[in-house]
Amino acid sequence: MFQLPTWPAGNRRATSVAALEAAVNAALGAGGGAESVLVVPSAADATAEINARLEAMAVAGGGTLRVRRGRIGDPVRLDARVQLRGDDCTLIFDSPIVMGATGSLRIKGDLDEYWRGAVDPVSEVRVENTGDVPSVSVDTSDDPVTGNLVVQFSAASGFVGQFQPGDMVVLRGFLSPTRLAAIEKQFAFVVTVDVPGNRLILDRPRGLHTNADDAAEMGKAVGDPFTFRYRYYPTGAPEVPENELTSPTGEGAMATRVKILRTSVLLADKAPGGHRVTVADASGFQPGDLIYLSDDRREVDINPSRVFRNLVNMEILTCVAIEGNDLVFEAPTRRQYLTAFGARATRIAPVRRSHIRLGRMTWAGLQPNRNFHAVQVDYGAQCTVAVGMIDGRGGRIAQAIRLSNSHDCHAIGGLIEGAAGSGSGEGYGATLYYSTACSVQGLRISGCRHSILFQGTTFCAAIGNTSTDDLITAIDTHGTNCLGTVIAHNFIRGGARLTADSTRHTGIRLGNSSHVIPDRETLVFGNRIEGYLGPDDAAMDVVPPSADVLFAANEIIDCSKGLRASSLNSLNTREVMAGVQARDNRFLRCDVAVEFLSAPLMGIRDVTLIANSFTACRQPVRARGFEAGGFFTASGNVAMEPLDPTVPMFDLEGIAAATVTGGNVAPALDLAVRLRDCPGARVTGNNFGACARAVERLGDTTGAITGDNGVSGSPTGTRVERIGSDLVMPLSVTAVIPHNNATPSSTDGTSVLAATIATKPGEGLLIEAVLPYVELSGSTGPVTAHLFAGGVALASTTERITTGGSSGSPIRLVGRLVATGTTLTIDLRLGPSTAGPTITVGSKFNGGADPHLILHRDPA
């Protein structure tokens, strides 16, 4: 069972060489059986002899095979696939390996496939169409009525009786003499078994080619349907031992195989969570089985805006019990499965506890396409790969290490250097496809299109690796429904080289600009990323619709962008990312440390920044245009050593719920926070005392709450000013201000205080107009006061004043506004409500009763 390693004390990024070596040896020591040595006598292709030894070792129940040349330093040549298909087997190369154009190493299990009744062990229900050689044949076409796939057997085969309605079958076709693998593979359910007609009618049309190389080898193009018609090779079948589909007729025809999968459909949709599923028939399963839980949703089914047809919804679980037709799993399911898309449980026939270990691998020929992966584990369980060095510069186009459809398998240690191809799908370093609980650890990878790539994985990890000079990304989750990915303790350094189809580098990218199935629940922890200095480069990218991402304790050094929201390409429709959190990260010498800017094809719902530090960054944080109902939250972040003091620590725009609170610390800046069109924003409780201003409010910031940010020593975070009247006191007032519902007029009554103050656009002003003691002669009655700012009534009040020798009352008005210019005129006007009475102000307390303004400048 995969677990995160315990890292040495004080080392955040990588485990020690000794620890890696111990892990490799422990894994290799798990194999059973005896050890044997194969001494390869010459530089000729050794594939056949190695495969023969591996087959014998598998039959014997396991063991270790060491392969070497007779003279130290001489290489072992591999021109075809070396395939390890037995449990508890270990293959170790003591000599260097030189790969021919079609050489590869693979640990190969499969889905559990079977036949009913007596089956010729040689033919394995193979059916052929050889064209000009009479033989057993199969033809496939789409039924003109139903449009479904029809498999037409010859009358001589008798194979149709092997099948039953409801069977799920897999058709594999056209084995290339160079690739020695099925180019075409299609799964389908049997709807009708037509015994008299010797044919099967399946539940779906023929599949369509999605791989340009595969299609071209068949003379087809992407989008053309599979034909399952095969070429005839008059010189005979390729002489490759253990070629699982060598023609049984000996005529050199390449074979098509039809087999039944041990699978059963789910009886109901399955939501994530819970340890069991109910299937139609559990009789083919038993405790201990590895179960491939999946449905047939492709990228285009999950996101109709895309044309990609990769299946992306699956996970692998261990069955621990069978209860009726319920399969009970060791762990809870983590994905949703829909019966409308053929949700099912399929038994895997994995290779268990087998291992490959090699020293140095190079190429003597250019691979013909991207399908010859150097070292692969396919349908493995508890298997490992350990390499010294894979140097692909001489011919590698495919992936260096690939873990696919596997459970608890790991690539541990070694160097992957360069590739001969860097186009789409070419020249990857280490990859994990459709696997569960697998990892790549301790690898050093340089000069690859993607150093490490995840696709459709569940709880897989990249830990303690080093990547340098990647051509697009160092570590990439690829926007293909990866769930629970851990990217931890890696060292990543960017370079200057780019592929022809890319314009920028990224250290860690979650999501993809073309593939847009959300990667979820991703942890990016304790990585060091540096040197992504191109004008559009970034240390870490999040691409929509990625969701529930945590970036924690990473060090980002000398990068153009630290953490960025990255948009989709123009072929997509708009997508939204959600649940992005960054905490305890260190950003050093970044132009922009954190940048989340919405775009026409990219929405952002929520971003949370906690306890990050920004040192010598030109701009710490920019965020703009979040979704309705979304939010931005920043707490406990610290900026230091600013490169440009005119750039605010936080520049926020178009975010209704923006919260900057909880002790953020800014250095000596002109401005700490800029808010533009952020109604409902809250900027409080921060340490912005070194800044000239705390908050600048532009556009619509209605309802924004700011204050207590430590500017100018004020406990409220505001600067308080007292502005007195220039008029001689005491002052008598007789001009009337009508007591009615009319709009206040700036000509009514008498001005008792007029002032022009300097302002800064965007700063918040709270103006208190205070008349401490107002006396009224004549009859007791109402007195009205208006406060005008910029010629507009800001506040108004009417008070009842009692007459008498010692009678008098205070009047107070309060108004709030956001300054839009550099000056503001303020006018406080007072008057009785009717003609006759006289008001006197400023007659008491030796000037203490004079009219005055208390001006609170919110540090905008």
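**Note on the predicted model**

1. Overall make-up. The protein's secondary structure amounts to 4 helices and 69 strands. The coordinates come from a predicted model, and the points below should be read with that in mind. Of the 860 residues in the protein, 57% are buried. The accessible surface is about 31,500 Å², and carbon and sulfur atoms contribute 52% of that area.

2. Contacts across the sequence. Among contacts in the protein with a separation of 6 or more, 72% are between residues 24 or more positions apart.

3. Confidence. The average pLDDT of the protein is 84, and 83% of the residues score at least 70. In residues 1–18 the pLDDT is below 50, and this stretch has 36 contacts in the model beyond near neighbours in sequence. Residues 713–717 also have a pLDDT below 50, with 9 contacts in the model beyond near neighbours in sequence. The student is asked to keep these two stretches in mind when viewing the structure.

4. An antiparallel sheet. In which order do the 4 strands of the open sheet lie? The order is S62-S67-S64-S65, and the pairing is antiparallel. Strand S62 (750–758) and strand S65 (792–801) are the edge strands, each of which pairs on one side only. On average, neighbouring strands of this sheet are turned by 15 degrees against each other, direction ignored.

5. Strand S64 covers residues 781–789 and runs antiparallel to S65, to which 9 bridges join it. As an example of a bridge, phenylalanine 788 has alanine 793 in S65 as its partner.

6. A parallel arrangement. Strand S32 (residues 450–455) and strand S35 (residues 473–476) run parallel and are joined by 3 bridges. Strand S35 also pairs in the parallel sense with strand S38 (residues 506–510), again over 3 bridges. Aspartate 476 can be followed through both pairings: aspartate 476 in S35 is the bridge partner of leucine 453, and arginine 509 in S38 is the bridge partner of aspartate 476.

7. Glutamine 455 is situated in strand S32. Is glutamine 455 buried or exposed? Its relative accessibility is 6%, so glutamine 455 counts as buried; the cut-off for buried is under 20%. Apart from neighbours within four places in sequence, glutamine 455 is in contact with Asn310, Leu432, Tyr433, Tyr434, His478, Thr480 and Cys482.

8. Histidine 478. One of the residues that glutamine 455 contacts is His478. Histidine 478 is placed in the loop between S35 and strand S36 (486–488). Histidine 478 counts as buried because its relative accessibility is 8%. Although histidine 478 is not a glycine, its phi is positive, at about 75 degrees.

9. Asparagine 405. A positive phi, of about 50 degrees, is also found at asparagine 405, which is not a glycine. Asparagine 405 belongs to the loop between strand S28 (401–404) and strand S29 (410–417). With a relative accessibility of 12%, asparagine 405 counts as buried.

10. Where does proline 545 lie? Proline 545 is in the loop between strand S41 (538–542) and strand S42 (547–552), and a cis peptide bond with omega of about 5 degrees joins proline 544 to proline 545. Another cis peptide bond runs from methionine 729 to proline 730, with omega near 0 degrees. Proline 730 lies in the loop between strand S60 (719–724) and strand S61 (731–733).

11. Serine 95. The loop between strand S5 (89–93) and strand S6 (97–99) contains serine 95. The relative accessible area of serine 95 is 6%, and therefore serine 95 is buried. Which residues does serine 95 touch, not counting residues up to four places away in sequence? They are Val67, Arg68, Arg69, Asp74 and Val76. With arginine 69 there is a polar contact: the side chain of serine 95 reaches the backbone nitrogen of arginine 69 at 2.9 Å.

Conventions. Residues are numbered from 1 along each chain as its sequence is written. This is a predicted model: local features need pLDDT of at least 70, side-chain atom pairs count only at pLDDT 80 or more; totals for chains, interfaces and linings use all residues. Side-chain values use heavy atoms; hydrogens and water are left out. Two strands pair if DSSP finds at least two bridges between them. Helices (H or I, at least four residues) and strands (E, at least two) are DSSP runs, numbered from the N terminus. Axes are lines fitted to C-alpha atoms, for helices over the stretch in contact, and angles run from 0 to 180 degrees between N-to-C directions. Buried means under 20% relative accessible area, exposed over 50%, partly exposed in between (1.4 Å probe, protein chains only). Contact means heavy atoms within 4.5 Å. Accessible areas come from the Shrake-Rupley method with a 1.4 Å probe; for residues, only the protein chains shown count as cover. pLDDT is the predictor's confidence in each residue, from 0 to 100. A polar contact is a pair of N or O atoms within 3.5 Å; within protein, one must be able to donate a hydrogen and the other to accept it, and residues adjacent in sequence count only if both atoms are side-chain atoms.
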